[in-house]
Amino acid sequence: MRRESLLAALGAIGLVACAWAVPWLKFVLTIALAKGIAVLGILLLLRAGQVSFGHSMFLALGAYTVAFLAPSENEVLLLLPAAALIATGVGLVLGLFLVRYRDIFFGMLNLAFAMVLYSLLEKLYSLTKGTDGIRVAALSFAGTEPERGTQEWIVFGIALGLAILFGLLVRSYLASPMGRALAGIKTRETRLEFMGVPARRVLLFAYVLSALMGGVGGALIAMTTRHVTPQIAYWTSSGELIFIGILGGAGSALGPFLGATAFELVRVYAAAAVAEAWQMILGAVLLLVILFAPGGVWGLLSRRWRA
Amino acid sequence: MSEVLLSAKGLRLAFGGVKAADGIDLDVRHGEFLAIIGPNGAGKTTFINMATGYLRPQAGRIEFEGRPILGLSPRAIVKRGIGRSFQLPQLFSEHTVLENAALAIAARRGIWSPLAPLLRPRWRDEAMDLLDRFGLRPVAEARADALNEGARKLADIAMAVALEPSLLLMDEPTSGVAAAEKMAIVETLVRVLRSTGVTAVFVEHDMDVVARFADRVAVWSQGRIAALGPPGEVLTDPKVRREVIGIAADA
Ligand SMILES: Nc1ncnc2c1ncn2[C@@H]1O[C@H](COP(=O)(O)OP(=O)(O)OP(=O)(O)O)[C@@H](O)[C@H]1O
Ligand SMILES: [Mg+2]
């Protein structure tokens with residue numbers, strides 16, 4: 001556990017150093033942190049043995065909340081909680097229905113909701129400008145409107161701070177009775193019921209928390225890219241979150257961030273090196289992870305320590 | 001001490017043509033150890049499933065402490081004070097034995113704290129204490145799926161006991177346990193259960209165990225209770241010996 005904190009601290013310092021040394025990487029790393037926060041939610045559901053194939057809908061909710069509100073209220077310190085609130089609210093409503101289902105039904109129903117959201121975002125042109133997407137208006141930070149380079153640093157810093165906060169939160173949650181019961185859903189759900197523990201409510205809490213983190217991740221992405229399109233709700237975007245979750249490993253709250261950083265870096269460098277073939281490279285990486293490192297990047301690192 | 005704790009009347013449940021319960025009348029008395037014996041498929045597990053809300057009988061009534069419990073969910077029935085253990089132990093296989101016990105303690109004390117660890121000092125001590133009473137302390141840190149069958153059975157029962165039920169229904173607490181271990185396990189079990197004052201119903205195929213620990217024996221046969229009484233009478237009944245024990249002995 002102490003190693004985990006040490007690695008997290010080193011990772012955070014490493015990210016800051018990279019963002020400082022290679023300025024254009026700041027953008028990539030901010031996106032990685034934002035996705036890592038969203039993937040923490042995937043990790044929670046994985047602990048319960050469930051996979052959501054539509055989780056990017058919460059990214060989209062967070063991102064579009066920022067895009068819609070920014071013209072009238074551009075304060076980041078208000079936009080972030082607003083995005084979290086919207087995603088949490090939708091997560092609660094959908095969750096009340098979804099936690100009745102398990103496995104493939106759970107996964108596919110999530111996908112169905114995400115597809116509905118995607119087509120709404122695409123078709124309601126007058127509101128969303130369809131596939132053109134919405135440009136995010138200039139943002140203000142605690143009342144100030146700093147110049148662009150400073151803004152990028154601020155969003156990066158907020159993403160890093162929130163990543164640490166949510167990482168710690170998820171870590172305590174997983175060690176708590178609720179988190180252990182969540183893992184119990186995967187192995188012995190009936191036993192939970194025979195202990196008087198409502199399994200659905202246990203899963204609902206995790207689902208709502210995962211929606212919240214998805215919304216925050218999406219808001220950070222919108223604040224970084226400054227342009228939001230329906231693509232963010234598309235099923236490939238959900239697939240990407242699962243990909244990152246498996247790549248990083250579900251064994252630790254660090255996994256999603258290891259996975260997201262690796263994913264974004266591979267994507268950037270592979271795309272630069274071999275243009276159209278980067279998906280093939282990602283596919284090959286995923287294959288290797290599943291075959292040789294089922295615990296993901298985190299699993300590789302922690303195995304090294306134990307050996 | 002012959003106050004009735006659980007009372008079942010006229011329970012019927014058929015699966016297709018199979019009458020798993022065909023008019024079960026049974027009063028479980030406060031404080032007793034009641035053994036249920038009978039051949040495979042007689043409906044013993046079905047009775048436990050009905051009493052714990054897992055299966056709903058097609059006819060009949062069940063009262064616990066004088067109040068009807070029919071139609072309540074397993075969760076609601078647990079809260080009323082009926083615990084159960086399983087013919088196949090239902091442990092959280094990826095968790096350690098200690099975590100399994102602590103989770104059961106948490107289930108009673110309230111699990112809704114997302115920030116405090118499950119193994120907080122007080123619950124850890126309480127869980128260790130529980131495991132100690134069951135002789136499971138040496139395997140506390142082992143993963144539940146690494147245990148031998150005897151230890152799994154005990155851990156399964158320990159989790160039910162952690163909920164502090166007033167009635168405990170145990171489905172074959174010694175099945176699958178090596179013969180040499182069996183008596184030791186039952187003795188541990190009986191010692192713990194006596195110390196808690198819980199009323200216990202247990203399904204058992206081993207007649208030595210029944211003779212030694214049961215206050216009364218109910219003989220199940222094709223969804224009915226064929227005989228009920230003290231072991232000294234029931235187990236010596238020639239009809240029971242021929243029809244039930246003869247079959248059960250090679251089960
Ligand atoms: N859920 C179910 N669906 C269909 N049939 C069932 C179901 N549960 C039990 N049965 C049938 O009901 C009968 C009684 O089963 P039950 O499990 O209660 O027997 P048992 O006395 O516990 O036997 P054993 O000693 O083998 O555990 C059996 O014929 C069984 O196949
Ligand atoms: Mg049975």
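A: A polar contact is a pair of N or O atoms within 3.5 Å (within protein, one must be able to donate a hydrogen and the other to accept it, and residues adjacent in sequence count only if both atoms are side-chain atoms). The model is predicted, with local features requiring pLDDT of at least 70 and side-chain atom pairs pLDDT 80 or more, while totals for chains, interfaces and linings use all residues. Residues are numbered from 1 along each chain as written, chains are lettered from A and ligands numbered from 1 in written order, and side-chain values use heavy atoms, without hydrogens or water.

Oxygen atoms of ligand 1 meet chain B at several points. One lies 2.9 Å from a side-chain N or O atom of B:Gln87, and B:His205 places a side-chain N or O atom 3.4 Å from an oxygen of the ligand. From B:Ala42 it is a backbone N or O atom that approaches a ligand oxygen, at 3.2 Å. The protein buries 62% of the 640 Å² that ligand 1 exposes when taken alone (Shrake-Rupley areas, 1.4 Å probe).

The shell comprises 14 residues, with B:Gln87 among the closest, together with B:Gly41, B:Lys44, B:Thr45 and B:Thr46; a residue belongs to it if one of its heavy atoms lies within 4 Å of the ligand. Seven shell residues are polar, five nonpolar and two charged, with Asp, Glu, Lys and Arg counted as charged, Ala, Val, Leu, Ile, Met, Phe, Trp, Tyr, Cys and Pro as nonpolar, and the others, including Gly, as polar. Strand S2 (18–29) and helix H1 (44–51) of chain B each contribute at least two residues to this shell, and H1(B) gives the most, with three. Here helices (H or I, at least four residues) and strands (E, at least two) are DSSP runs numbered from the N terminus.
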